[in-house]
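Here is a short report for someone meeting this structure for the first time. Please look over the sequence and the model before reading on.

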Amino acid sequence: MKTQSSASPSGRAVCLQNPHLEALEEDILYHLSLGSKSHNLTEMFGDIKFVCVGGSTLRMKAFIEYIAAELGIEEPNSEFPNICAGTDRYVMYKAGPVLSVSHGIGAPSASVLLHELIKLLHHAGCTDVTVIRLGTSGGLGMEPGTVVVTRRAVDPTFQPRFQQVILGKTVTYDSSLDLDLAEELLHCSQELSQFRTVLGDTLCTDDFYEGQGRLDGAFCPFTEQDKQEYLRSAREAGVCNMEMESSVFAAMCRRSGLRAAVVCVTLLDRLKGDQVTSSHQVLQGYQLRPQQLICHYIKKRLKSNAAQDEVAPS
């Protein structure tokens with residue numbers, strides 16, 4: 001097994017580790033319906049400082065409308081065009097220095113999006129970019145509605161790694177996240193004081209049903225006791241929630257030098273059941289919590305940056 005690990009470099013430029021790109025006449029970001037020459041990516045995206053990604057297309061549209069209203073960038077009811085309207089894979093919206101992008105469900109879909117998103121940020125010359133995944137998850141010993149800020153994205157054996165088979169060989173990448181950023185987000189939640197937020201590990205799986213120990217899939221080769229033993233061992237290892245994208249997200253952001261965080265709300269306690277039974281209204285309220293936290297963080301960062309610019313020597 002070959003292992004590769006890359007910590008974030010001291011610079012804040014977006015790093016690409018692919019010399020073959022230099023030979024391309026144009027880098028076509030196929031799934032985003034963008035290109036490095038057919039579009040002026042620097043003009044379109046060069047001011048981006050915050051990229052927020054999530055699985056749902058509707059959630060990411062709602063987020064850009066919410067953050068724009070909170071930042072006073074546009075009127076609350078303004079329409080935001082989908083920058084990726086030329087494709088039906090993902091959606092992308094922009095409001096000032098904030099980019100909101102969907103990544104679909106599961107690591108393969110998220111990986112495709114992240115490859116092209118990272119290249120987009122690089123081609124646009126973006127610097128000092130923070131990337132945050134916001135979403136939903138199943139909690140472990142967490143009351144529904146608890147927000148989990150991920151310390152490490154761990155695999156089903158509770159190790160902070162993302163493994164990928166490349167040319168027939170298993171390659172392993174570190175899937176730890178920026179602890180300073182995680183603690184900063186935790187502090188922001190304490191300032192909001194509107195919902196419970198915890199810092200802990202997130203278990204990333206390849207599947208929603210068997211991979212997460214659910215008893216309600218089309219197939220189930222294990223017992224309730226087997227499930228409980230596994231989930232309790234995960235909780236004892238420091239896992240607070242589980243979803244399906246955090247490990248690839250953490251690994252790819254580390255490799256590209258991007259400061260990154262994962263903020264997910266829990267919709268249920270998996271130690272008590274497998275199915276989400278809360279009402280649509282309750283779930284909508286839960287899903288707003290990561291948005292509120294991230295919005296508070298972005299507003300705070302922008303205010304701090306503006307203050308620094310005022311005192312900086314000309």
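## Ground rules

This is a predicted model, in which local features need pLDDT of at least 70 and side-chain atom pairs count only at pLDDT 80 or more, while totals for chains, interfaces and linings use all residues. Residues are numbered from 1 along each chain as its sequence is written, and side-chain values use heavy atoms, with hydrogens and water left out.

## Overall build

The protein has 7 helices and 13 strands. These are DSSP runs numbered from the N terminus: helices are H or I with at least four residues, strands are E with at least two. The radius of gyration is 19 Å, close to the 20 Å of the globule rule for 314 residues, so the protein is as compact as a globular protein of that length. That radius is taken over C-alpha atoms, and the rule is 2.2 Å times the number of residues to the power 0.38. Along its principal axes, the C-alpha trace spans about 65 × 50 × 40 Å.

Contact here means heavy atoms within 4.5 Å. Among contacts between residues at least 6 apart in sequence, 77% join residues at least 24 apart.

## Burial

Buried residues make up 48% of the 314. Buried means under 20% relative accessible area, exposed over 50%, and partly exposed in between (1.4 Å probe, protein chains only).

## Two positive phi angles

Asp128 sits in the loop between helix 3 (107–123) and strand 7 (130–139). Its phi is near 55 degrees, a positive value in a residue other than glycine. Asp128 counts as partly exposed, at 32% relative accessibility.

Phe158 lies in the loop between strand 8 (147–154) and strand 9 (161–166). Phi of Phe158 is near 70 degrees, again positive in a residue other than glycine. Is Phe158 buried or exposed? Phe158 is buried, with a relative accessible area of 18%.

Asp274 is placed in the loop between strand 13 (259–269) and helix 7 (280–311). This residue is buried, at 11% relative accessible area.

What does the side chain of Asp274 reach? It reaches the backbone nitrogen of Leu215 at 2.9 Å. The Asp274 side chain also makes a polar contact with the side chain of Lys227 (2.6 Å). A polar contact is a pair of N or O atoms within 3.5 Å; within protein, one must be able to donate a hydrogen and the other to accept it, and residues adjacent in sequence count only if both atoms are side-chain atoms. Leaving aside residues up to four places away in sequence, Asp274 touches Gly213, Arg214, Leu215, Asp216, Lys227 and Leu268.
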